[in-house]
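Shall we look at this one together? Here is the sequence with its structure, and some questions to go with it.

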Amino acid sequence: MEDRLILERIAEVRRRRLKEVWETFKSNRVAYASLYVVMIIVALILVGFVYTPYGPYDFDLGNARQPPSIKHPLGTDELGRDILSRLMVGGRYTIGISVISVLLGTLLGSVLGLISGYLGGSLDTVIQRIVDVALAFPTTLLAIALMVSLGPGMTSLIVAISLSTFPVYARLVRGTVLQLVNEDYITAVKLLGRTSWYIMFKHVLPNILPVIVVQSTYYLGFSILLASSLGFLGLGIPPPTPEWGAMIGGGRVYLFSSPHIVVFPGLFIMAVALAFNLIGDGLRYALDPKSRMFIRRF
Amino acid sequence: MSLVRYLCKRVYHSIPTFIGALLFMFILVRVLPGDPARLIAGPEALEQDVERIREQLGLNKPLHEQFVDYVVTLIRGDLGKSIKFRTPVINEVLARLPYTVALAFVAEAIAIAVALPLGIISALRPNSKLTYVTSVLSLLGASAPTFWVALMFIYIFSVNLRILPSSGADSPRHIILPAATLSLLLMGNLTRITRSSVIEALNSNHILTAIAKGLRERAILMRHVLKNSMIPIVTLMGLQIGSLLGGAIITETVYAWPGIGSLLIDSIFFRDYTLIQGIILFIVLAFIVINIVVDVIYAFIDPRIRDLLWRTG
């Protein structure tokens, strides 16, 4: 009976804490506005699944490289394809790939970091040596090298981006865990005789979640930049798929006469990356001001 | 004496990392699509000629033997010959290196010249307009895609204003646009770290003492605040230069700057696998060395860290 009361009380505290976090986040107007920016772009992409003003792959050579007009709000590209339509369809690749990569990278890095930090011992040594090797490569270089050997395509992109971002999580989570393991409440659960895995996932993980969430938000912005850079270099998804970075790579030759082909995809990429960075700032402030020290932003 | 011992220890500890990176890179490059022997022989060569080249290069041996061969030749200081240029890889890398180094240092210098004053001012005057502008600028720097910024710079300064060259490295003026593009990327983090470490130093007790002693504001700022906030700033600077030595790939490619980064992209598209290996090897080595150098600089700035590192590390 008393146990249930305690559990209910805990649940209530959690609810109140979440509400508090949300209120703090909302009071940060810039971060809140960024949430809207992301929602608008996501809405555009979702609409792109059912409707686009023009076919994103439809050539119209007579109307090639038209500047923005009422007919084509963002102009047309080198083959006369409507840029707005292409951006609406291309977003699912650029943003979809980034979201999936960050989820995978976070999962892999956090689990490894958790195991490494909590269990320690030889497992820790092995994991940290792997992380050392991965961190010896600059992130962009690692992603490029992986893309080159995996070959172009969506799966390769996801693998390349998540593999080049996981080591930072592994370090970050390990460091945070090491600070937690000596806390009294962890010792208390240990004395109750719970298994290591139970403590790791039931007690340690929830407490480092804020750090992970904030880092992931920043990484979303970073992944979008990384994914579009690979697309720009011609290492991402092969044309004619309108991935945002690849669109810029394709329009690059026409920079002198038709800069709009390059400008608009770039603005979209920047808007999303900026929004995620600002949301990250807001979340960091709302979730845990103390965690500021450990988070690395790009 | 202790410095030498510390250095030896650090180098010794980074050997496994280096070998791991070497192995990882070796595997990555070997699974590259395309047959290097076929590339060397040319598309019209007979199968038996391709086979002969494969034997000469040792490509017909099992992978682990190839790796051992590779490491042995590496230890002899031989990086192999570039498939495309038919010259030793080391010559190609060394020929491009000065450009990359110059770009890295000019970019870092621009970034410091802007970020340090901005960071300090925004720490001292947290509510001024300049602070607001600074935070927006540093965010934009972290959020704008580099390749796009580079193209925009070319459009503005080369196409419209016609004041700066857009590609190549024929004159000192050619370095301005690529360096400015890169510095934008560095500025944000540098400003942020300057700001937060100056704030931290301002709030510490010894600054309170200095104020209580009645020292002049400028003296406090220069002698006490800045000196104490240098560690994170120097660390970041070192890491930035380290990553620029290999990470300026995109900027170099867009501006056709003849450094290591654009050489890497070229050799990737040519499948010049010995050159790719050589470049990646160089970048990883540079990265590891810079990390050690940064730690040593740490020690010079902060005697507490020096004692800690040299006694235990």
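The questions below take up a helix pair and then a domain contact in this predicted model.

Q: How many charged residues does the contact of helix 4 of chain A with helix 6 of chain A have?
A: Helix 4 of chain A contributes I127(A), V131(A), A134(A) and L135(A), while helix 6 of chain A contributes P167(A), A170(A) and R171(A). Arg counts as charged. By class, this contact has six nonpolar residues, no polar ones, and charged residues numbering one.

Q: Which helix of chain B gives the most to the side of domain 1 that touches domain 2?
A: Chain B is split into domain 1 (11-75) and domain 2 (90-312), and their contact takes 11 residues from domain 1 and nine residues from domain 2. On the domain 1 side, helix 1 (2-30) and helix 2 (36-41) of chain B each supply at least two residues. With seven residues, the one that gives the most is helix 1 of chain B.

Q: How many nonpolar residues are on the side of domain 1 of chain B that touches domain 2 of chain B?
A: The C-alpha centres of these two domains of chain B lie 35 Å apart. On the domain 1 side of their contact there are three polar residues and no charged ones. The nonpolar residues there number eight.

How values were computed:
Residues are numbered from 1 along each chain as its sequence is written. Chains are lettered from A and ligands numbered from 1 in the order in which they are written. This is a predicted model: local features need pLDDT of at least 70, side-chain atom pairs count only at pLDDT 80 or more; totals for chains, interfaces and linings use all residues. Two residues are in contact if their C-beta atoms, placed from the backbone, lie within 7 Å. Helices (H or I, at least four residues) and strands (E, at least two) are DSSP runs, numbered from the N terminus. Domain bounds come from an automatic or database domain assignment.
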